[in-house]
Amino acid sequence: MRKNDGTNRLLVLFAITAQRISFQTFGYPLPGLPFANGLELVENYNSSWLLILFSYFPIPFILFEFWGRGRKLTEGYGKVLLIRSYKRSRLCIQTIVHILLELAGITAVQILIFSIGEPGWHMLTNEEMLKTIAAYYAGLGALILLQFYLEMFGESDYSNIAVNIYFIVSIFTGEALIRLKGAKRLLVLLFPNFMFGRRNGALAVGDINIKFAYAMAALIITSLLFGILSVLKFQKKDIY
């Protein structure tokens, strides 16, 4: 599959804008920055399903923006740079840094789009806003690095599909686990739930007793894990 970077970035922008409009017209009271806070546990099944859909909507486009980065290291410019005596570890780490910097730009655009005008969402404190943004960025980073790592094993198309399926299953399963008090520790295996302020402790919500420090640590450790595994796998991978 070929990817046009310019076209895909426009699609990311479209998806974020459509997400903003969807949340604004939803008619349910939401906190500020709902792209990272709107995933609330509600009793109405249809409302819950819609909130999950709205929260997920830009994720496939963002993941697709970073699709193929691992393949480029093994099949594209990576070979050329390695011939020029680049160390594999250095090349892989540079690629990861570029990914995280580009993701920071996308997240900033998302924040900007959701901050335009007066949408009527509940105001966040500065602390809540910083926690919300940090967790959302770390969660997206972990998803992208998971996709990057899986690309080291084979077809990048499959890695993209696998990560999208994992995200959806995690969110739906996580909703059930959060309602079961004894099963919340299992959420660490479903880390996409920790991206969202109403599931990671950034915002106080009912009886959901999840410590933000725990959720944030899980996201950072997960990102580091996939980053380190990617470097180790790339060092051992036969690309010639």
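## Helix H11

Helices here are DSSP runs of H or I with at least four residues, numbered from the N terminus, and the expected span of a helix is 1.5 Å times one less than its number of residues. In this predicted model, local features need pLDDT of at least 70 and side-chain atom pairs count only at pLDDT 80 or more, whereas totals for chains, interfaces and linings use all residues. Residues are numbered from 1 along each chain as its sequence is written, and side-chain values use heavy atoms, with hydrogens and water left out.

Helix H11 covers residues 212-236, and its 25 residues should span 36 Å at 1.5 Å a residue, which agrees with the 36 Å between its end C-alpha atoms.

## The largest nonpolar core

A nonpolar core is a set of buried Ala, Val, Leu, Ile, Met, Phe, Trp, Tyr and Cys residues joined through side-chain atoms within 4.5 Å. The largest such core has 63 residues, of which Ile59, Ile62, Cys92, Tyr136, Leu143, Phe167 and Met195 touch the most other members. Helices that each supply at least two residues of this core include H1 (5-24), H7 (88-115), H8 (126-151), H9 (156-179) and H11, and the largest share, eleven residues, comes from H8.

## Met195 and Asn200

With contact meaning heavy atoms within 4.5 Å, and not counting residues up to four places away in sequence, Met195 touches Ala36, Ile59, Ala135, Tyr136, Gly139, Leu140, Leu143, Phe167, Asn200 and Leu219.

Asn200 lies in helix H10 (residues 197-200) and counts as buried because its relative accessibility is 0%. Leaving out residues up to four places away in sequence, the residues that Asn200 touches include Ala135, Met195, Ile210, Phe212 and Ala215.

## Aromatic pairs

Rings of Phe, Tyr and Trp (its six-membered ring) pair if their centres lie within 6.5 Å, and planes under 30 degrees apart count as stacked, over 60 as edge-to-face and the rest as tilted; by this rule there are 14 aromatic pairs. Phe57 and Phe61 form a tilted pair, 5.8 Å centre to centre with 55° between the planes; Phe57 is partly exposed at 31% relative accessible area, and Phe61 is partly exposed at 22%.

The pair of Tyr149 and Phe153 is edge-to-face, because the ring centres are 5.1 Å apart and the planes stand at 90°. Tyr149 is buried, with a relative accessible area of 16%, whereas Phe153 is partly exposed at 48% relative accessibility. One aromatic cluster is formed by Phe23, Phe35, Phe54, Tyr56, Phe114, Tyr136, Phe167 and Phe196.

Terms used. Buried means under 20% relative accessible area, exposed over 50%, partly exposed in between (1.4 Å probe, protein chains only).
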